[in-house]
Amino acid sequence: MIFTIASKDLKSMFASPLAWVVLTLVQLAAGFLFFKRLDDFLQVQPQLVQMASPQGFTELVAVPMFYAMAGLIMLIAIPLLAMRLFAEERRNQTMVLLTSAPVSMTDIVLGKFVALMGMLLIIFALIALMPLSLAATTRLDYRFLAVVILGLTLLAAALGAVSLYVSTLTGQPIIAAIGAFGAMVLLAVLGDQLAGNLEMRGLSVLAALAQVFSPVRNFATLSRGVIDSYAVACLLLLALVFLALTVRQLEARRLRGRG
Amino acid sequence: MPPSVSSSAAAAATLRAGGLTRRYGGVAAVDNIDLELNRGEVLGFLGPNGAGKSTTMQLLTGNLAPSAGAISICGIDLLESPVAAKAHIGYLPEVPPLYRDLNVGEFLDLAARLHRVPKGKRAGAVTRAIERCGLAQVSRKLIGTLSKGYQQRVGIAQAIVHEPDVVILDEPTVGLDPNQIRDIRALIRELGNAHSVILSTHILPEVEAICDRVQIMHRGKMVYANTIAALKQRHCGGSLEDVFADLTRGENA
């Protein structure tokens, strides 16, 4: 049932121009970044060869590109792709098709979440193709790359769940997108600041708690190529919390009625 | 203790609701109503605008939680096991829930999937719904491009594609032309033979033509319940229109 809903939502994403516009923009940005980084790398390569343990293509081109793309995906792609998932169903009064069917609210939410993640994974795969296209001519650190992509996927899951939740709060997709954008900025700036500040003052327990709400910090850890299990747990926890809140919000609306 | 709904009384009952109440703030939109529907029956649901008909239908289909009362569908408690109970319901809300960027066939296939029609039977179920609702010529058109009447019919098709025991239709003939109305009435009558139907409408002759029983709501309360046959007998010469006017006129808030 989750996949029935997911495939329906993926299909309708591709039926609207928005998905294509987002895909195009992300590809353009990734392509530009990739070539810029690659060009810089080729210029410094002669000096790198003389170093004792030189950084390679993966560290200097592929990973920084992913890192830079994460910001763009987080601030633009996720809010835009998630905005319609619930807000549009509410505006067009189509949600009742799903809520009248023998499907639990959890399945509906997970279906939409899977659709969103599917779309984001397509974007990540297309970005990953750029460094992979050079696999024949250069040595790639696949393990490092895999960890970074894992980090990006977890970051997307956490922020996707936040955006999904915001989408249930309004019947206007645009408001949902702006709200999700605001939530992203809040989590990126405030969450990070808070965790950093608490850590500096030596309040390690509070800092660890605040780290759940600073997905960027957790992603940064993973993008160094280290699977930090606490960072992974924090990202997963944030995703779970907001998925649960989404289900709760929709159930509450059924109790409250009207809108 | 909510009023309990006994399932032993009549095996033929497909829907039972007891003491159903829905409050918004202090106002009761639906106030302590009882409903029973048997297999092979079409129930007409009447009432002036704002009487609580649509709210009642939302309650009966699990789209809105009641403030008090109990609902059972084919003996399954809707509030306790909503997923199992909803499998027996087909619902056309006031605004048909249609995805405008799907074509009619795709949409009905989606509706069949959502209602857990087994894979092997799905194509047959969709074809049958298309046939019954007269959608054969438009089955490959996008729903967004269809006229209001056709969209309404897609809405009805969506409600019956999984052959539910209880079909709940909120003003099913709105926006249809006279020929379509006649077809849809015949369809509802046909559905009423094997399944059971609740329909709300403002067209009183429609109720007299296709319903077995009629219930009238006014200001959230059930003010009249009778069979059409008894109604015709008692008010020989008089009509449903007179009954309706007597019960609801002049006191609309």
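The model is predicted: local features need pLDDT of at least 70, side-chain atom pairs count only at pLDDT 80 or more, and totals for chains, interfaces and linings use all residues. Residues are numbered from 1 along each chain as its sequence is written, chains are lettered from A in the order in which they are written, and side-chain values use heavy atoms, with hydrogens and water left out.

**Interface of chains A and B**

- In chain A, 24 residues are in contact with 25 residues of chain B, where contact means heavy atoms within 4.5 Å.
- The buried area between the two chains is about 2400 Å², and carbon and sulfur atoms give 62% of this area; buried area is the accessible area (1.4 Å probe) that two parts lose on being put together, summed over both.
- Leu97(A), Pro102(A) and Arg254(A) supply 29% of the area that chain A buries against chain B, more than any other three residues.

**Nonpolar cores**

- A nonpolar core is a set of buried Ala, Val, Leu, Ile, Met, Phe, Trp, Tyr and Cys residues joined through side-chain atoms within 4.5 Å; buried means under 20% relative accessible area, exposed over 50%, and partly exposed in between (1.4 Å probe, protein chains only).
- The largest such core has 125 residues, and Ile73(A), Leu120(A), Ile123(A), Ile127(A) and Phe107(B) have the most contacts inside it.
- Apart from this core lies another of 27 residues, including Tyr24(B) and Leu59(B).
- Not counting residues up to four places away in sequence, Ile127(A) touches several residues, among them Val26(A), Met65(A) and Ile73(A).

**Salt bridges**

- Over all chains, the structure holds 20 salt bridges.
- Glu251(A) and Arg254(A) form one of them (3.5 Å, N to O); Glu251(A) counts as partly exposed because its relative accessibility is 29%, and Arg254(A) likewise because its value is 22%.
- Lys221(B) forms a salt bridge with Asp31(B), and their closest N and O atoms are 2.9 Å apart; these two residues lie 190 residues apart and link distant parts of the chain.
- Arg132(B) and Glu163(B) also meet in a salt bridge (3.5 Å, N to O); Arg132(B) is buried, with a relative accessible area of 18%, whereas Glu163(B) is partly exposed at 35%.

Notes. Salt bridge = Lys/Arg side-chain N within 4 Å of Asp/Glu carboxyl O. Helix = DSSP H or I, 4+ residues; strand = E, 2+ residues; numbered from the N terminus.
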